[in-house]
Amino acid sequence: MYGCGPVSAAKLAVAAGDNPGRLRSEASFAAICGACPIPASSGKTVRHRLNRGGDRQANSALHEIARQRVMRDPETAEYAERARARGKSDREVMRCLKRYVAREAYRALMRPHEIRRPEDASELVAARRAAKVSQVRATSILGTSEKYISMLERGQRELKPIRRAYEAWVEAGLPLDWDRQAFEAERKMDSKKHLAK
């Protein structure tokens, strides 16, 4: 899961392992983690609030994953901006994100899948090496750290934004003057056009 480190993964796994009889659905796992919405409507206002119950360690793991995604994942940041534009508060936006992460975590726990192995990322590495571009040079072109490029190429972590940029750079022919910011801006424009349709 993007934004989920080993500590957060362990907290979620412990929460699931402590309550095996309650893992009936995504909603029940969200309730275990304290990420299920609680109706808090009043008068003409229809809203939900954060759940103060559940496993607080699992809830903190969901919060940390959601926070990392808002900071580092462009799609999540766009969603947060759209939600705020619709009148949601920061707490409500975080509640929605935590519920989404809980759904993804439940699926990962119930149907675990293998992460990309080095052989799956070998085509990207082969293309970079064929163009005689060093990993350090690729890092500066893609605008990220050498650690993330290394982890992506070795299949240690699935870093979606970096992988998308890496794949787009390879498709463009690995130009040395490639601009990742321009690529991200163009991708945002395409997603906005798609949403407008």
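Buried means under 20% relative accessible area, exposed over 50%, and partly exposed in between, using a 1.4 Å probe and protein chains only. With that in hand, welcome to a tour of this chain. This is a predicted model, in which local features need pLDDT of at least 70 and side-chain atom pairs count only at pLDDT 80 or more, while totals for chains, interfaces and linings use all residues. Residues are numbered from 1 along each chain as its sequence is written, and side-chain values use heavy atoms, with hydrogens and water left out.

**The overall layout**

The protein chain has ten helices and two strands. Here helices (H or I, at least four residues) and strands (E, at least two) are DSSP runs, numbered from the N terminus. Read from the N terminus, the order of elements is α-α-β-β-α-α-α-α-α-α-α-α. The chain has 197 residues, and 38% of them count as buried. A contact means heavy atoms within 4.5 Å. Among contacts between residues at least 6 apart in sequence, 61% join residues at least 24 apart.

The table gives the packing geometry. Axes are lines fitted to C-alpha atoms, for helices over the stretch in contact, and angles run from 0 to 180 degrees between N-to-C directions.

| Pair | Angle | Axis separation |
|---|---|---|
| H1 and H3 | about 140° | 8 Å |
| H3 and H4 | about 95° | 6 Å |
| H7 and H8 | roughly 110° | within 9 Å |

To put words to these angles, under 35 degrees counts as roughly parallel, over 145 as roughly antiparallel, 65 to 115 as roughly perpendicular and the rest as oblique. H1 and H3 pack at an angle of about 140°, and they are therefore oblique to each other. H1 passes H3 in a left-handed crossing; a crossing is left-handed if the near helix is turned anticlockwise from the far one by less than a right angle, and right-handed if clockwise. On the H1 side the contact is made by Ser8, Lys11, Leu12 and Ala15, and on the H3 side by Gln57, Ala58, Ser60, Ala61, Leu62, Glu64 and Ile65. By class, this contact has six nonpolar, three polar and two charged residues. In that scheme Ala, Val, Leu, Ile, Met, Phe, Trp, Tyr, Cys and Pro count as nonpolar, Asp, Glu, Lys and Arg as charged, and the others, Gly among them, as polar.

Ser8 belongs to helix H1 (residues 6-18) and is buried, with a relative accessible area of 10%. Leaving aside residues up to four places away in sequence, Ser8 touches Ala61, Glu64 and Ile65.

Moving along, H3 packs against helix H4 (residues 74-85) at about 95°, which makes H3 roughly perpendicular to H4. Arg69, Val70 and Arg72 of H3 meet Pro74, Thr76 and Ala77 of H4. Three nonpolar, one polar and two charged residues make up this contact.

For helix H7 (residues 135-142) and helix H8 (residues 146-154), the axes cross at roughly 110°, which makes H7 roughly perpendicular to H8. The crossing of H7 past H8 is right-handed. Gln135, Val136, Thr139 and Leu142 in H7 meet Glu146, Ile149, Ser150 and Glu153 in H8. The classes here are three nonpolar, three polar and two charged residues.

Arg72 sits in helix H3 (residues 56-72) and counts as partly exposed because its relative accessibility is 48%. Not counting residues up to four places away in sequence, Arg72 touches Tyr2 and Pro161. Arg72 and Tyr2 are 70 residues apart along the chain, and their C-alpha atoms are separated by 9.6 Å. The side chains of Arg72 and Gln68 are joined by a polar contact of 2.8 Å; such a contact is a pair of N or O atoms within 3.5 Å, where within protein one must be able to donate a hydrogen and the other to accept it, and residues adjacent in sequence count only if both atoms are side-chain atoms.

Lys88 is placed in the loop between H4 and helix H5 (90-110). At 27% relative accessibility, Lys88 is also partly exposed.

**Two positive phi values**

Most residues other than glycine have a negative phi. Lys132, in the loop between helix H6 (122-130) and H7, has a positive phi of about 55°. Leu174, in the loop between helix H9 (160-171) and helix H10 (180-196), has a positive phi near 55°. Lys132 is exposed at 77% relative accessible area, whereas Leu174 is buried at 10%.
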